[in-house]
Amino acid sequence: MGPMKRPESSATARAAGFRPSQPQLKAITAWIACQSDKPSLSEAISRLVELGLALHAEPDRQKRRARKMAGDAIDRMGDTTTTAEDRAVRKGDLLDGPKEFDRVRVDRSKRSKPIRQ
């Protein structure tokens, strides 16, 4: 067994080094100039990292919003002469798309089972 690695403390994590390139430093400095509280370089980099991480999570929110909008549109156009259960199944089929497309959907995990034909 190899030596155990010491867990990273919060002090070590806070001291993570970052050397911005000249273009990055210019962009960060320009961003600081636009902020009303004029944060330090360290605080500005921290905020920009948080903004970047928040944008990474943004597509999930956009997907949920798009799915809800599509679902609402489907509900408005639904056949009211059928049962609520039938409408729910049809709505799910429309929102999920054809089963044949499951392999090419990048927003879903890959299925291990082959598609039945």
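Q: How many helices and strands does the chain have, and how do you know what counts as one?
A: The chain has 4 helices and 0 strands. The calls are DSSP runs numbered from the N terminus, with a helix needing H or I over at least four residues and a strand needing E over at least two. Reading along the sequence, you get α-α-α-α.

Q: What kind of model is this, and what should I keep in mind about the values?
A: It's a predicted model, where local features need pLDDT of at least 70 and side-chain atom pairs count only at pLDDT 80 or more, while totals for chains, interfaces and linings use all residues. Residues are numbered from 1 along each chain as its sequence is written, and side-chain values use heavy atoms, with hydrogens and water left out.

Q: How do you know that the span of helix α4 agrees with its residue count?
A: The expected span is 1.5 Å times one less than the number of residues. Helix α4 (residues 84-96) has 13 residues and should therefore span 18 Å, and its end C-alpha atoms are 18 Å apart, which agrees. Just after α4, Gly97 takes a positive phi of about 85°.

Q: What makes Lys38 stand out in its backbone?
A: Lys38 has a positive phi of about 45° although it isn't a glycine. You'll find Lys38 in the loop between α2 (22-34) and α3 (41-77).

Q: Why is Lys38 called partly exposed?
A: The relative accessible area of Lys38 is 49%. Buried means under 20%, exposed means over 50%, and partly exposed is in between (1.4 Å probe, protein chains only). At 49%, Lys38 is therefore partly exposed.

Q: Why is the Asp37 and Arg47 pair called a salt bridge?
A: The term asks for a side-chain nitrogen of Lys or Arg within 4 Å of a carboxyl oxygen of Asp or Glu. The side chains of Asp37 and Arg47 meet at 2.6 Å, N to O, so the pair qualifies. It links distant parts of the chain, with Asp37 in the loop between α2 and α3 and Arg47 in helix α3, 10 residues apart. Asp37, at 45% relative accessible area, is partly exposed, and Arg47 is partly exposed at 25%.

Q: What makes the bridge between Asp96 and Arg67 a link between parts of the chain?
A: Their closest N and O atoms are 3.2 Å apart, which makes the pair a salt bridge. Asp96 lies in helix α4 and Arg67 in helix α3, so the bridge ties together parts 29 residues apart in sequence. Arg67, at 40% relative accessibility, counts as partly exposed.

Q: How far apart in the helix are Asp72 and Lys68, the partners of another salt bridge?
A: Being 4 residues apart in helix α3, Asp72 and Lys68 are separated by about one helical turn. An α-helix has 3.6 residues a turn, so residues three or four places apart point the same way. The closest N and O atoms of Asp72 and Lys68 are 2.9 Å apart. Asp72 counts as partly exposed at 29%, whereas Lys68 counts as exposed at 53%.

Q: Which residues are joined into one network?
A: Salt bridges that share partners join Asp37, Glu43 and Arg47. The structure holds 5 salt bridges.

Q: Why is Thr82 called buried?
A: Thr82 has 16% relative accessibility, so it counts as buried. It lies in the loop between α3 and α4. Of the 117 residues of the chain, 9% count as buried.

Q: What does Thr82 touch beyond four places in sequence?
A: Thr82 touches Arg87 and Arg90, contact meaning heavy atoms within 4.5 Å. The side chain of Thr82 also reaches the backbone oxygen of Asp79 at 2.9 Å.

Q: Which residues is Ile45 in contact with, leaving aside its neighbours within four places?
A: Ile45, in helix α3, is in contact with Phe18 and Ile28. Ile45 and Ile28 are 17 residues apart in sequence and 7.3 Å apart in space, C-alpha to C-alpha.

Methods
Polar contact = N/O pair within 3.5 Å; in protein donor to acceptor, adjacent residues only side chain to side chain.
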